[in-house]
Amino acid sequence: MKRWEFRLSGSGGQGLITAGIILGEAAVLEGKEVVQSQSYGPEARGGASKAEVIIDTKKIHYPKVVLPDIILAMSQEAAQKYGSEIKENGIIVIDSSMVDDFKHDKVKVLKIPITKLAKDEVGKTFTANIIAIAFLVGLTKVVSFDSLKQAVLNRIPKGTEAMNTKAMEIGWQWSQEKL
Amino acid sequence: MTMRKASLIQGNRACTEGALAAGVRFYAGYPITPSTEIAEIMSEELPKLGGKFVQMEDEIAGMACILGAALTGKKVLTASSGPGISLKQEAIGYAAMAEIPCVIVNVQRLGPSTGGPTSSAQGDIMQARWGTHGDHPIIALCPSSVYECFTLTVTAVNFAEKFRTPVYVLLDEIVGHMRENVELPTYEEIKIIDRKKPTCAPKEYKPYKIDESMIPAMADFGTGYKWHVTGLFHDETGFPTGKTDVIDSQLNRLMTKFSKYEDEILLWEENQLEDAEILLVAYGSTARSALDAIETLRNEGIKVGLFRPITIWPFPEKVLRGKLEKLKHIIVPEMNYGQLMLEVERVCKDKVSVSGLFKVNGLPITPDEIIAKVREVL
């Protein structure tokens with residue numbers, strides 16, 4: 001397996017650091033090397049926030065993303081701030097319900113109404129991060145759907161299993177349709 | 001508690017797990033980014049183990065509070081970042097003078113002043129050495145990984161107890177906040193050191209009576225052993241003195257009390273140093289960038305190696321001096337304007353030229369930046 005670099009960006013409070021941890025934990029379940037890090041402003045809510053996940057089969061030294069394979073952008077600010085530097089064959093995933101305007105002339109851009117799906121299909125906006133991460137896993141196959149499901153269920157509060165499972169399935173299905 | 005498996009753990013959490021494993025049962029402090037998780041986790045975990053967590057009104061109170069607890073026999077820890085560490089300095093000097101075991105975790109952020117709360121830096125290297133006034137002994141350890149956040153916190157607690165000194169664990173924001181998949185040691189695999197207690201009767205106890213170990217035995221307050229604690233120069237009873245010969249011998253002992261334990265205290269790591277012509281001296285998260293740079297440069301046949309001081313203070317100068325024979329140049333990459341480079345230069349400059357690679361904008365030094373610097377000096 002090659003080294004995968006993910007940059008998950010949006011605004012504080014959207015659960016992107018949690019999404020990064022879940023992706024990392026799914027990779028740990030498969031025995032892979034993982035480093036997860038983040039950068040955020042001083043605000044607890046709002047402000048551009050990013051979580052980074054590196055997954056590899058060999059030991060990871062430099063813990064930050066050098067050039068991402070995958071960018072997720074869930075806010076207009078994040079799309080503008082983080083949505084330019086990417087590998088030549090990378091993919092940018094945009095939450096089209098949060099980002100009005102985004103273009104990249106070199107790499108593939110996939111526009112998915114992630115937050116709208118969370119609100120309309122699952123009934124809870126806060127599951128948007130789970131839909132997003134399931135979409136990314138479906139897109140890259142960096143871990144199996146089963147590993148992701150286990151990682152999600154290990155981390156979420158009791159009583160939210162059904163809605164999070166639904167969110168994962170929605171994200172996964174959209175990824176298979178977009179491929 | 002002893003069964004562990006690989007999991008994704010944050011550096012700050014590993015630090016708390018190391019502290020608890022080493023026997024820390026008292027924490028006082030005032031939370032500050034990027035160290036806050038340490039206070040949070042200690043507040044959750046200590047009560048479960050019969051320990052105490054106190055959130056104090058400010059940072060200096062937090063420092064003073066752990067010293068009080070340490071005097072009663074507890075193993076103690078506080079954590080903060082630059083602005084808070086500055087406030088703690090008075091009490092850190094008191095701990096050095098009165099020889100009170102304590103561990104201070106500094107998760108370094110960008111300074112000076114309140115600087116950049118969520119930005120990484122390594123700007124507190126010299127503060128760790130000389131932050132409090134007057135000549136004083138100090139130990140500072142610098143982890144590069146989540147695993148080391150655990151093991152070096154254990155080591156810090158052990159050093160504090162054995163040598164009766166304040167010990168810093170110097171993380172940087174990157175090491176403190178990143179998560180890695182690690183398998184932490186089990187409790188059975190950890191060596192624990194407890195402070196030396198007096199064996200004499202309470203009436204005969206002299207709290208600063210020195211034997212060949214250089215480290216006086218320490219009684220717990222409240223157990224019948226009487227003891228006067230002061231930041232003033234004191235004789236073996238602990239009471240203040242103005243006698244210059246006593247002052248002279250006390251300070252001389254404080255400044256040399258680690259000397260006979262250097263083999264134990266000085267920790268470092270070497271990577272591909274044997275045939276190296278260019279040496280990188282790097283620590284903390286920056287050492288990780290250095291390892292990637294070395295891999296790339298070695299693939300091109302450029303002989304680069306790493307010397308990573310894990311014990312930053314006392315600086316492992318004799319060890320480093322022993323590595324200079326084949327070297328043509330030393331580069332010190334660090335997230336400050338050359339604090340450790342000055343130390344490396346002091347130790348090495350008569351034999352090898354030294355240059356620095358500094359970055360002080362909150363961002364990490366990348367492997368590519370180190371590679372470019374190596375090419376520049378080739």
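1. A residue is called buried here if 20 or more other C-beta atoms, placed from the backbone, lie within 10 Å of its own; with 12 or fewer it is exposed, and in between it is partly exposed. Strands (E, at least two residues) and helices (H or I, at least four) are DSSP runs numbered from the N terminus. The model is predicted: local features need pLDDT of at least 70 and side-chain atom pairs count only at pLDDT 80 or more, whereas totals for chains, interfaces and linings use all residues. Residues are numbered from 1 along each chain as its sequence is written, and chains are lettered from A and ligands numbered from 1 in the order in which they are written.

2. In strand 1 of chain A (residues 4-11), eight of the eight residues are buried, so this strand is largely enclosed by the rest of the structure. In a regular strand the side chains alternate between the two faces of the sheet. Both faces are covered in this case: A:Trp4, A:Phe6, A:Leu8 and A:Gly10 are buried on one side, and A:Glu5, A:Arg7, A:Ser9 and A:Ser11 on the other.

3. Strand 1 of chain A pairs (DSSP finds at least two bridges between paired strands) with strand 3 of chain A (residues 48-56) in the antiparallel sense, over eight bridges. Within strand 3 of chain A, A:Ala48 is the bridge partner of A:Ser11. Strand 4 of chain A (residues 70-73) runs parallel to strand 1 of chain A and is joined to it by four bridges; there A:Ala73 stands opposite A:Ser9.

4. Chain B contains an open, mixed sheet of five strands in the order 10-12-11-14-15. Strand 10 (268-271) and strand 15 (353-358) of chain B are at the edges with a single partner strand each, so one side of each lacks a neighbour in the sheet. Strand 14 of chain B (residues 329-334) and strand 15 of chain B run parallel and are joined by six bridges, with B:Val332 opposite B:Gly356.

5. Helix 12 of chain B (residues 339-348) lies across strands 11, 14 and 15 of chain B, at about 160° to strand 14 of chain B. Such angles run from 0 to 180 degrees between N-to-C directions of lines fitted to C-alpha atoms, for helices over the stretch in contact; contact means C-beta atoms, placed from the backbone, within 7 Å.

Definitions and conventions
Contact = placed C-beta atoms within 7 Å.
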